[in-house]
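This report looks at a sheet and its packing, and then at a single residue in a helix.

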Amino acid sequence: MTEPTLTAPKLQSAILHHLTYTIGKDAPHASLHDWRMALSFAIRDQIMEPWFASTRRTWAEDRKRVYYLSMEFLIGRILEDATINLGLRDVVEEVMTGLGQDFRALVEDEPDAALGNGGLGRLAACFMESMATLGCPAYGYGIRYEHGLFRQLFQDGQQVETPEDWLTQTNPWEFDRPESAYVIGFKGHVEVVNGRATWVPGETVIASAHDTPVIGWQGVWANTLRLWSAKPTTLFDLDRFNRGDYAAAAEPEALARTISRVLYPDDTTYAGKELRLKQEFFMTSAALQDILRRYLAEHSDLTRLPEKVAIQMNDTHPAIAGPELMRLLMDEHGMAFDTALDISQQVLGYTNHTLLPEALERWSTYLFGNVLPRHMQIVEQIDAWHKEKYPGRPHYVGIVKFQEVHMGELAFIMSHKVNGVSALHSELVKTSLFPELAALHPGRIINETNGVTPRRWLNMCNRPLAGLITDTIGEAWVRDLDRLRDLEPHIEDAAFRDAFAGAKRANKVSLARWIEKTCGVRVSADALFDVQIKRIHEYKRQLLNILQTIAHWHAIRQNPKADWVPRVKIFGGKSAPGYWVAKEIIHLINDVARVVNNDPVVGDRLKVVYPANYNVSMAEMLIPAADLSEQISTAGKEASGTGNMKFMLNGAPTIGTLDGANVEILEEVGDENFFLFGLTATEVVERRKDVEHARHAILESQPLQDVLQMLAEGRFSPDQPDRYYGVVDRMWHHDYFLVASDFAAYEAAQARVDAAYRDQTRWQRMAAMNTARAGFFSSDRTIRGYMKDIWSTESAL
């Protein structure tokens, strides 16, 4: 990497300038927050020129832009990431130390942006960073949530949701753009004026833009993340206020802000469903109006829109983009239906992220037509056009069926390309999710296996390992992750393996300190750190993990003098507020942790840790310290996963099923460096045909019977012995995700893990080989695929 042009004296001067003139403090009286803000503004200044230069060049060269629409952007903290991509991290640390400040403390003072939930949002953030690194002109569009998903707390082991408060502080990275504001309508009715349909909304809000620059590696190119906040069209009812009706006077603002307050509001009520649909339309309509405004500032012919615009829908949340783009083209710009449809399809691409039916959104025609009456008409027109064009299709193939609007089918029909996110997932999208549409539109479904950015997920979060890699093979790997293959000849060098193990141990020691401080549990860095971090869902099978943990605890108690490999089982993740089964699993994990961690017989042989409020910053601590990566979803259910890639990159072998990108990880590292277990996707389908599959599996496993008996007896809930009757009942009678069927194989795989870990030479070879063969899983590779196969665009670099 080239040497940074910003010298330590210049940086110090910039920081002190912002401390005085932006923050309004002098150094002797500045708090940690004041110093962090001053530093952030000084670093942001360094992003401005490449950001402006990138924008100017895109305009000057009339380049095609990519617009990435996503309900989530889980960007995490920005400060350290920006210093690393600008090549300033070491200079910054030197300067802040000279000013009497701990750079690590400043980094940790920054709140995580509460803009996402899980893999979907983190993938979007990785993609934004890779597009900037590759010089792909792009905008990300999302919502500026005031309170995010929620802040997770545990009370008596149960998840409690409280609002995120990240915007109670000034966000130094964003710029308000009040000039970029658009009116968004809801409800109302449709009129025909001069032969043209005209939507007359019954409600309106204003979408106001907030821009955050996204800087790529080495600070060469920067793109824009544009987030929308909702504001009222009528700010304040002064007449009502003067009449003493103060609450009603503020009602327009409160109702408008509701749209951008919370990510994924509970949709178990009609009001919740309406709010979700409004959110999705709000984000999508604002983005499309902004895209067309930008295009028309340079061009007059909208029929050439596909030459300059590529819009990617990240899952079904922005699927309303098809009808809304057609509405704008037809109703606002007078385009004919067939032309508007053709242009919209050429412009739009759809990434599917799930095979779960409940995650493919469906809206009742009543709700959809009530909230978006004009769009209901357009959806019905699209559906009728598709049925007429493909008369031989099965009768049940379509968008509107059974009084519901199917957003997955809508996104498919309105896109020129539909991509899955791993090889297995893309095949299942063809054969299981959309088989009839795939047959009608051959070649439309393609695969673009997910990836992660190595800048954040190795170079930033794992400095001990990143330093070793750079010292061994040079720094080119940070931009070209395939270079990690150059590590392979060094893996047979005992000195390299010792250094690799030393980097891992340093991370484990740091994490152990944090766990003791945060969770009050003392763990040994000599233990095997076994980590499962992801949102809590039945198909991800945290239940399988904790049931096997109970079996392991029971086995240790039965034979405490045996040669047990010490384990620290680490969980992390949130459940949706209304998902009571997942919340029950969280409660069980915490109950088991309380019993295990206070068992003097077991001692340090087994600990269970579940830190609350898992987020990006927590992942950046857990992943570098992990010895074992738990990727144990029911085969055929996980689209890809990206956590599996981050663990692999940081030298943690996987224990997992043949699901999602695990398949490709296994292909890269080989059987000898992966702990495979469980039914395949095909075997899962066959096993479910046996209605007694769970009972048979339980009766064949004495350890599982013992675990279920302990749950039924209230061993982990003595204050409420019947607390887990539901878990036991579902295991025997409703085990849809085949926890029982895979339990014995999972136990056997865990035994293989123990055997490998006892042989530290073998284990370090496995760990290092995982890192060396992680090159394929760079999001740079993924974005190059999108640019070539879907967006038809080229790098500006």
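## The sheet and a buried glutamine

Nine strands form an open sheet in the order 5-8-9-2-1-10-11-15-16, and their pairing is mixed; two strands count as paired if DSSP finds at least two bridges between them. Strand 5 (175–186) and strand 16 (445–447) stand at the edges with a single partner strand each, so one side of each is left without a neighbour in the sheet. On average, neighbouring strands of this sheet are turned by 25° against each other, direction ignored.

This is a predicted model, in which local features need pLDDT of at least 70 and side-chain atom pairs count only at pLDDT 80 or more, while totals for chains, interfaces and linings use all residues. Residues are numbered from 1 along each chain as its sequence is written, and side-chain values use heavy atoms, with hydrogens and water left out.

Strand 15 (residues 417–420) and strand 16 run parallel and are joined by three bridges, and Asn419 stands opposite Ile446 in strand 16. Helix 13 packs on the sheet, where it touches strand 10 and strand 11; contact means heavy atoms within 4.5 Å. The direction of helix 13 makes about 50° with that of strand 11, the axes being lines fitted to C-alpha atoms, for helices over the stretch in contact, with angles from 0 to 180 degrees between N-to-C directions.

| Element | Residues |
|---|---|
| Helix 13 | 337–347 |
| Strand 10 | 309–314 |
| Strand 11 | 348–351 |
| Helix 31 | 739–758 |

Gln750 lies in helix 31 and is buried, with a relative accessible area of 3%, where buried means under 20% (1.4 Å probe, protein chains only). Leaving aside residues up to four places away in sequence, Gln750 touches Asp530, Gln548, Arg567, Lys569, Leu628, Glu630 and Ile655.

Definitions and conventions: Helices (H or I, at least four residues) and strands (E, at least two) are DSSP runs, numbered from the N terminus. Buried means under 20% relative accessible area, exposed over 50%, partly exposed in between (1.4 Å probe, protein chains only).
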